[in-house]
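Hi,

Here's the structure I promised to pass along.

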Amino acid sequence: MCGIIGAVADSAINPVLEGLGKLEYRGYDSSGISILSNDEIQTIKAEGKLNNLKKRLSMVPLEGDCCIGHTRWATHGRANVTNAHPHQCGQVSVVHNGIIENYLQLKQQLIQWGHHFHSSTDSEVVPHLINHYLSHEMTQEEAIYKTILQLKGSYALGILINGSSNNLYAIKQGSPLVISEGNDGAYIASDAMALGSDSSKIYYPKDNELIKLNTAEVKLCSGSLNKKIHYINNNQCEKVISKENYSTFMEKEIFEQVDLLKALSVKNDISEYAAINFSKLNKITIIACGTSYYAASVAKHWFEKYANIIVEIDIASEYRYRSPIIIDNELVIFVSQSGETADTLAALRYAKSKKSQTLALVNVANSTIAREANYTFEIYAGAEIGVASTKAFTCQLAIFYKMAIEAAKQRSFINDTELKQLTHNFVQLPYIMEKVLQRCTELQKMAEKLSTYSNVIFLGRGALTAIAQEGALKLKEVSYIHAEAYAAGELKHGPIALLDEHMPVLVIAPKNDLTDKLVSNIQEVQARNAPLFIIGDSSIKQQINLQEDEFFELPEIPESILPIISVIPMQLLALYTAQLLGKNVDQPRNLAKSVTVE
Ligand code: F6R
C-alpha cells in the first residue's frame, strides 16, 4: 500500500529519498515529494518507479530542512502524476495512506466554498480542509484537528505547513505510522523499515495523537498540552537486505527456507506456547487473508487431527461482517506476516470488543496487530521483501505445527510415541526440504511447459487442498496466468466442464491415505484430454503415463509435514514460470506487500 516518509533534518530530501527506496518493495505505481524550500513548498511527482522521480529531481535540485515523500498504490483514480501524492493546497501539502470514505461529501462542501480540485483521489480533500481552516484564523494544530474530526475511514497523514516556523505534522487513525528522533533529525514513516541509521528510537502514535516535528523539537500535541514522547528501541533499524547471489528476492527467500526451518527446529522448544491453556479451550478460530489464510487452513487440519480441538477458519474481510458466534473459552488467532493488514486488524479489534482471547502470529514484532493482541508469537522469517509471500508461509506453518504439538500434549489426545514422532518429523523437515530444492532444475523444465498455457487448475486433497490454493495464488500473482484450485473430489461437481487440451491440471499427489482416491481423480482428468502435471509419489508415475517435464517426484515425506514440503515445488514453479514470461516477480503489478486499506 502507500508508503509515507518525512524528515526534519539538514538536506531533508536525502533521508526521504532513501526511505522511499526502502518502501519500494511494498509495491507502488507513482511517487512524489514536497519540500519546504526558500519559504515555499515545492512538490515534485512522477508516475512509475522511483527512478523517474529521481530523474525529475536531478533537474530541479531542492534544499530544505522539512520534507515529506510518498509511494502511491492507487485506490481512487488512475496511477498518474496528478493523482500521485503529495497533494498541495496553498501552504499545506499532505501525504496519505488509507481511505477517506466520506471524501465525496467533503469535496462537494469544499467546491461550494470555492476550492478547485486537480486529482480524482480521496486524499486531496485533506490539504484543502486544513488550508480552509488556516484561512479562518485557526492555528496549525486547530486546523488539523478540525479537519480530522470530519474524516471518516482510515488514514496516516504526513502534513507539511509553511508558516512562521517550518513544521511537519503526523497523525493517524487505523493506518500504520511510526515516529523517530535521532542525532541528525526527526522522521515519520509508515514502516519502521524505511527509517535510516539515525532512527534507533521509535514511537508508535496512538490513533489521533498529533505529533509536531520541527528542527527544535518533536512534540506530542494534546489540546494545549505538549507531552513528551516515550520512545522504544527500533529493532528493524538499518538492516541492509540484499539479494545476495540470487536473481530476485523471491528466489532468495524460497531457498532461505531451509535455514529458517533448521533454526526453528533447533529452537525446538514448544514451551513458549505453553502460555496458552489449550486444555481449557472449547474452540479456536483462525482469521487471516491470502497466503496467511491458507496457513490457517493447514493449521485447522493439524489442531483437529492431533489435538482434537474444534477449529473454524475465516477470511478477515468477512469475519466481522457475518455475526460470528464467539463461545466461552474460545481463542481467536490472527495470522499476518506484516502485522498491518487492515482487514485482519479490524477483525482483531472486533474480536477484542467481544471480549475474546486473541493471539497474533506475525513476522513483524512491533506491528500494530502484534501490539494489540493479548498474546503475540513471532514466526522468525526475517524481513520478507518479495511481494509474494514464500518463507513467511512456511514459517507460519512451522509455528502452527509447534503449537499443535503443544496443544496435543496438553490435551493428551495422542500418545507419547505419536508425540515423539511429530517432533522427530519436524526436525527432519529442513533436510527433506533441502533435497527438494536441490532438484529445482526439474521444476524449471516443468515451468517451460506450464508457461505456454493461459489457465491452470490446481488440485489437492485434505490439508494439501490449501497447498493447491497457495500454489494457484503464487502462480497467478507472479506470472499472471489464471489459476484456480479445488479439493480434487470437487472437480466432477462443476470445474470438470472446463477441461480440454487447453486447460492443464496440476495435481499434488503424495503418498498417503488419499493417493488411490487421487489417482481416480487424475484419470478423470486424463479422460478429458487435459494436460497433466503431477507433483507426487513415484507410484503415480507407474500408473499414469507422463513425460519427464510433467512429473516431479516427491521424496518419501511423513504425513504430518507434507504441507510444508509440498509447497516448495509450487513456489519454484510460480517463480520459474514468471521469469520465463519476463515478469517482475518481486514487485508484481497491482500488488502491495502490506495491505493497509480495507
Ligand atoms: C500472497 C500474499 C498475500 C498476503 C495477504 C495477507 O503472496 O502475500 O496474500 O498473504 O495480503 O498479508 P499479511 O500476512 O501481511 O496479513
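Let's start with Phe458. Leaving aside neighbours within four places in sequence, Phe458 is in contact with Ala468, Gly471, Ala472, Leu475, Ala483, Glu484, Ala485, Tyr486, Leu506 and Met570. Bear in mind that this is a predicted model.

Phe458 also turns up in the largest nonpolar core, which has 98 residues. Along with Ile286, Phe303, Phe400 and Met403, Phe458 is among those with the most contacts inside that core. The biggest contribution to this core comes from helix H12 (residues 391-411), which gives 13 residues. There's a second, separate core too, with 27 residues, including Ala9, Ala194, Leu195 and Tyr204.

**Helix packing**

H12 also packs on H18, at an angle of about 175° and with the axes 10 Å apart. Since over 145° counts as roughly antiparallel, H12 is roughly antiparallel to H18. Phe393, Thr394, Leu397 and Ala398 in H12 meet Pro563, Ile564, Val567 and Gln571 in H18. That contact splits into 6 nonpolar residues, 2 polar and no charged.

How do H15 and H18 cross? The axes of H15 (residues 464-479) and H18 (residues 562-580) come within 9 Å and cross at roughly 20°, so H15 is roughly parallel to H18. The crossing is right-handed. On the H15 side the contact includes Gly471 and Leu475, and on the H18 side it includes Met570; those three residues are also among the contacts of Phe458. The residues between H15 and H18 divide into 12 nonpolar, 4 polar and 2 charged.

Cheers

Conventions: Residues are numbered from 1 along each chain as its sequence is written. This is a predicted model: local features need pLDDT of at least 70, side-chain atom pairs count only at pLDDT 80 or more; totals for chains, interfaces and linings use all residues. Side-chain values use heavy atoms; hydrogens and water are left out. Axes are lines fitted to C-alpha atoms, for helices over the stretch in contact, and angles run from 0 to 180 degrees between N-to-C directions. Helices (H or I, at least four residues) and strands (E, at least two) are DSSP runs, numbered from the N terminus. Angles under 35 degrees count as roughly parallel, over 145 as roughly antiparallel, 65 to 115 as roughly perpendicular and the rest as oblique. A crossing is left-handed if the near helix is turned anticlockwise from the far one by less than a right angle, and right-handed if clockwise. Contact means heavy atoms within 4.5 Å. Ala, Val, Leu, Ile, Met, Phe, Trp, Tyr, Cys and Pro count as nonpolar, Asp, Glu, Lys and Arg as charged, and the others, Gly among them, as polar. A nonpolar core is a set of buried Ala, Val, Leu, Ile, Met, Phe, Trp, Tyr and Cys residues joined through side-chain atoms within 4.5 Å. Buried means under 20% relative accessible area, exposed over 50%, partly exposed in between (1.4 Å probe, protein chains only).
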